[in-house]
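Morning, everyone. Please bring up the model on your screens, and we'll walk through it together.

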Amino acid sequence: SSASEVDRNVLPEPGNPFTSTRRSAMGGDVSVRRVSARLREIARQTVAIVDLGMGNLRSVERALTEAAGRAKLEIEARITARAEEIAAADKVVVPGQGAFRDAAHALGGALGEAIRGRITAGAAYLGICLGLQALFDSSEEAPGSRGLGVFRGEVKRLAPAEGAKIP
């Protein structure tokens, strides 16, 4: 049979991209698994949650896993401080709380290079709090400490408006 015959005989089952209905030569429909375990693995997105030694990593991991489940996405969320795991990830999340100086120190070297490499390659990046600030060159909070330098500029403290409290 030709490729076009096979294509006409394979119909995706509604609501499930991993199965199909194949029309047999005898005219009946037979449900078969279309995607092997290897293709499922390829479809799974890896998310590196970068461990800078600060931040609530388990909460971020649980939130990502829960959100992916609700969206019916398969992800493998992995907390890591290993540059090679970050370099291999499809998506990168950098949570953080604490001082810019500490984050800048943690991002110096191979860890920061891996994150910059993934951003340059077009991987999705989510910076939470300090993880977002770290994308800039520097912060007035920690003179002399260098951020990732993805964005040019310095993170500035917000000037409080009258009656507004800034955490």
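Start with Phe151. At 40% relative accessibility, Phe151 counts as partly exposed. Buried means under 20% relative accessible area, exposed over 50%, and partly exposed in between, with a 1.4 Å probe and protein chains only.

A quick note on the source. This is a predicted model: local features need pLDDT of at least 70, side-chain atom pairs count only at pLDDT 80 or more, and totals for chains, interfaces and linings use all residues. Residues are numbered from 1 along each chain as its sequence is written, and side-chain values use heavy atoms, with hydrogens and water left out.

Now, how many aromatic pairs does a search of the whole structure find? One. Rings of Phe, Tyr and Trp (its six-membered ring) pair if their centres lie within 6.5 Å; planes under 30 degrees apart are stacked, over 60 edge-to-face, the rest tilted. The ring centres of Phe136 and Phe151 are 5.5 Å apart and the planes sit at 45°, so this pair is tilted. Phe136 is partly exposed, at 25% relative accessibility.

Next, the largest nonpolar core. That term means buried Ala, Val, Leu, Ile, Met, Phe, Trp, Tyr and Cys residues joined through side-chain atoms within 4.5 Å. This core has 21 residues, and Ile115 is among those touching the most other members. Leaving aside neighbours within four places in sequence, Ile115 is in contact (heavy atoms within 4.5 Å) with residues including Val50, Tyr125 and Leu148. A second, separate core has six residues, among them Ile49 and Val93.
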